[in-house]
Amino acid sequence: MKIKNFGHKYTLPLEEYYMLRDLHGPDALAALAFAEFCETRINGVKDIRSVQLPPYDANTDHRRLMGWERRDEGCVGNDGNDVQLVYFPAEDVLLAVEKLDLEYITRLKQEGNLLEIEPNLERDFEKYQEPESSEHRYHTHQAEIMELLQQARNEVEEFGEELSEAERKVRVEAGPRQTVGRVCAL
């Protein structure tokens, strides 16, 4: 699962940056970096335009230009021809994305393929929680997501496979399986 929230980079040639800046203002590159963040961070969405996130806000969303040197004639990228912006989302954006994570994991659990599609989910969260990580942040819905993961594991233990919502209802209505022994006479 994609959990990385910080440090999403958007790079474009210096000439394109100047053109964007002149046409759309200084926050044009930041808005593109925000769009890149949305496309690379959000899990399980086929059409990113269908996702409702708080819009990019130059006052709350943080961004940092990378590799720039100030010169009399303007700004130059670190290799002379590229400009790179690193995007750090505001708290409202993080909360919205973390809610989408919960919806994604819940959908996978209902479909019965959470463990198949996200086999490293617990490890991803552990890595995200390491204090040495620049990403160190407690995911708002981590407890709920870990509960869904444990339910999926319990189903595999009990039924031999993870069940979809429909399969779970059928198995619950049928009750526990009873084995009938056969006696063979020789």
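Colleague: Leaving aside its neighbours within four places in sequence, which residues is leucine 53 in contact with?
Modeller: With those neighbours set aside, leucine 53 is in contact (heavy atoms within 4.5 Å) with Cys38, Ile42, Ala96, Val97 and Leu100. Please keep in mind that this is a predicted model, where local features need pLDDT of at least 70, side-chain atom pairs count only at pLDDT 80 or more, and totals for chains, interfaces and linings use all residues. Residues are numbered from 1 along each chain as its sequence is written, and side-chain values use heavy atoms, with hydrogens and water left out.

Colleague: Changing topic, is tyrosine 10 buried or partly exposed?
Modeller: Tyrosine 10, which lies in strand E1 (residues 8–13), is partly exposed, because its relative accessible area is 22% (buried means under 20%, exposed over 50%, partly exposed in between, with a 1.4 Å probe and protein chains only).

Colleague: And what is tyrosine 10 in contact with, beyond its neighbours within four places in sequence?
Modeller: Its partners are Leu29, Leu32, Ala33, Glu36, Val83, Gln84 and Leu85. As for alanine 31, 21 residues from tyrosine 10 along the chain, the C-alpha atoms of the two are separated by 9.9 Å.

Colleague: Back to helices: at what angle do H3 and H6 pack?
Modeller: Helix H3 (residues 91–111) and helix H6 (residues 142–159) pack at about 10°, with their axes 10 Å apart, so H3 is roughly parallel to H6 (that label is for angles under 35 degrees). Axes are lines fitted to C-alpha atoms over the stretch in contact, and angles run from 0 to 180 degrees between N-to-C directions.

Colleague: Which residues in H3 meet H6?
Modeller: Asp101, Leu102, Ile105, Thr106 and Lys109 in H3 meet residues of H6, among them Ile145, Leu148 and Glu155.

Technical notes. Helices (H or I, at least four residues) and strands (E, at least two) are DSSP runs, numbered from the N terminus. Angles under 35 degrees count as roughly parallel, over 145 as roughly antiparallel, 65 to 115 as roughly perpendicular and the rest as oblique.
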